[in-house]
Amino acid sequence: MREAYHAAMLNRRNFLGSAGSGLSGIALSQLLASHGLLAAESKRPIVDPLSPNAPREPHFRPKAKRVIVVFCSGALSQLETFDYKPELVKRAGQPLPSMAEGFKSFQGENGNLAAPQFEFRPRGDVGKMTSDLLPRIGELVDDFCFIHSLTSKTNTHGPGENFMSTGFTLDGFPSMGAWSTYALGSESDNLPSFVALPDPRGVPQSSVNNWGPGFLPAVFQGTPFNMQKPIGNLSTPAGVPQATDQAARQYLKFLNERHQGNFSGDTELAARIASYELAARMQLSVPEVTDLSSEPASLRKLYGADSSDPVKAGFAKNCMLARKLVENGVRFVQLFNGAYAMGEGVGNWDGHRQLKKQYALHGEILDQPVAALIRDLKSRGLFEDTLFAFVTEFGRMPTFQKGASGRDHNPDGFTVFLTGAGVKAPYSFGRTDEFGHRAVENVVTMHDFHATLLHLLGLNHESLSFYHNGIERRLTDVHGRVLAEILA
Amino acid sequence: MGGRPSHPELLEWLAQKFVDNGWSIKKLHRLIVTSKAYRQSGKPRSKGLEVDAGNRLLWRFRPRRLEAEAIRDSILQVSGVLDRTMGGPGFSLFQENTNYVRVYEPKENFGPADWRRMIYSHRVRMEQDGIFGVFDRPDAGLICARRTQSTTPLQALNLFNSNFVSEQSKLFSKRLISETGEQVDDQIQLAFQYTFGRLPAEEELNAGRKLINEHGLPQFCRVLFNSNEFLFLP
């Protein structure tokens, strides 16, 4: 019996072993592929060390060439923004019926259901119910594709941000921008291919891990800067005149080229010489792209860049910068609204205590600049091939916390939206339960979200991989489904 | 790791030798490093480049950039200020904290307390040193079996423009002057020996003299710290 089993195994193994080469093999792999049974072939991008950011072909024709992600750090409540729950208004003050069934709080005991802290009203031609917290963004709903049923597997900010930005809750995995630029390179040869724009108040909770390269080569990491803080060491050292700097560069080039002569054909050495040339170009092009003085006053006004609130004005300028960056060929821009914890709900959307009061402040900072950015991209035709994603790490509870007027963390159902290239609009996908607590229809995982994002960039999430510590790594780990339902 | 071996017969042979020689790692190392293959020149040959530019067959030792820590340590060593104290509490590459949860802002100005070997710097999860972190230094919270190696414009900006390198260039200049005096040619010759372990060629000396005469010795030192010859193992 045992021997027969072995013989059968060997035969099957032999058959599969030769299947790849023979004609029968072609027929078999086609059969398997048509039934979706064949694991996707890994397609590691071929990166030229001399110009690692040169544009590379996607796997198939993309809908989007570039991406802007607006990341609302601190967990922006779905219930105060886009997930309208009339039941929550009706039954405010009553206990959540499912409270006994595995309610996962983060900070401690929760009280009763609490009505949305901002009024909802129909907006756009579609009449989508959105709240008065973000009225200007709400006006644009006809262009949006909402996902109301996104879920996370953590209710802690740092891991949650990691999960949204990198597909893993732990630190050390490449961010979606790093994967995108690893796959596609950049269309700009004098700006970083992936830029992270932290909030004027500071970096988000999991900081650089949001835009880190993980185990990908460091060249694919996001370069963090914004209108408040330029790229580190971008300018010539203080007190060094231009002519001196130039002379030093010349001598460096002379030494490097002589040295290169002993190693002709060595790409690493040549790449390093080239990197100094790119750095020199960046020293010119970054100040240019961050100079907003040539933007018309009407546009500055649209964004709120002259607001008397320095945080709002700062964020508005970062939004303007985001547009200029994608306009100049940057592949991936991740723009943050909200910083690290400066006290509960003070620096970001973490409204545990006094949600209404704090959200009113944060909403004023977020709403006008982001609405203006979307309008601006649209009016310049950039929407045709730019994917715009509005995200946060998780949602908030339908209840108030005991003894507080704010909501606890909720990873079981929250809202993000996509707009721009390649998605259905107006469209709302997925649904949470009657209180907006848990996703109950078309539940979406973070992996599905990432698979869809890569798909819009013309990339098969199962094929885009990097070999690390014995594993062919992917943004989507071993999960992910492209949300075909939301594709235009 | 995980790929097919490039020289399977050689591996077999080495394994057998290892067993035959009484499992002595020392003998195995001696066998490898005294072999003709190991001792051949690292200079690229056009025929080799044609057949195997990616060096899969290990026909030469490619020039390799030093890791982050080795670059920082080397700069301090060459400028003459490296504090080689072993053990004890480390030093911080980050500014002091004022927020109610710890926030890490990389230091921009460094003093003698920070001039120890980089292995003694406090490692912080998720946060990197503001200058050398971009040289593929892995995150402190991670297991990294093998570092990636990449070349980026941020590395160039950090080495060419940072306060750290400017300051070290000045310290290196001071060292050169104190050890050789005011003669520019002597300074260049000593500087080349410290950074490259060799004397300058005539053209390098001439161009260096011009740079120093017109723009000062620290600029010359700044260039040496940025040169490929300094940063790469040949």
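How many of the residues of helix 6 (residues 176-184) of chain A are buried? Nine of its nine residues are, so to speak, under cover: the helix is mostly covered, where buried means that 20 or more other C-beta atoms, placed from the backbone, lie within 10 Å of a residue's own. This is a predicted model, in which local features need pLDDT of at least 70, side-chain atom pairs count only at pLDDT 80 or more, and totals for chains, interfaces and linings use all residues. Residues are numbered from 1 along each chain as its sequence is written, while chains are lettered from A and ligands numbered from 1 in the order in which they are written. Helices (H or I, at least four residues) and strands (E, at least two) are DSSP runs, numbered from the N terminus.

**Helix 6 of chain A**
- Among its buried residues are M176(A), W179(A), Y182(A) and L184(A).
- These buried residues pack against strand 1, helix 5 (157-166), strand 6 (194-197), strand 8 and helix 12 (446-456) of chain A; contact here means C-beta atoms, placed from the backbone, within 7 Å.

- An open, mixed sheet is built from eight strands of chain A in the order 7-6-8-1-9-13-5-14, with two strands taken as paired if DSSP finds at least two bridges between them.
- Strand 7 (223-224) and strand 14 (427-429) of chain A are the edges; each has a single partner strand, so one side of each lacks a neighbour in the sheet.
- Helix 11 (residues 355-379) of chain A packs on the sheet and touches strand 1 (66-72), strand 8 (332-337), strand 9 (386-392) and strand 13 of chain A.
- The direction of helix 11 makes about 165° with that of strand 9 of chain A (axes are lines fitted to C-alpha atoms, for helices over the stretch in contact, and angles run from 0 to 180 degrees between N-to-C directions).

**Strand 5 of chain A**
- Seven of the seven residues of strand 5 are buried, so the strand is largely enclosed by the rest of the structure.
- Strand 5 (residues 144-150) runs antiparallel to strand 13 (residues 414-420) of chain A, joined by five bridges.
- Across that pairing, I147(A) faces V416(A), and L150(A) stands opposite F414(A).
- With strand 14 of chain A, strand 5 pairs in the parallel sense over three bridges; there F146(A) has S428(A) as its bridge partner.

**Where chains A and B meet**
- The contact takes 51 residues from chain B and 51 residues from chain A.
- On the side of chain B, helix 6 (153-161) of chain B gives the largest share, eight residues.

Technical notes. Two residues are in contact if their C-beta atoms, placed from the backbone, lie within 7 Å. A residue is buried if 20 or more other C-beta atoms lie within 10 Å of its own, exposed if 12 or fewer, and partly exposed in between; C-beta atoms are placed from the backbone.
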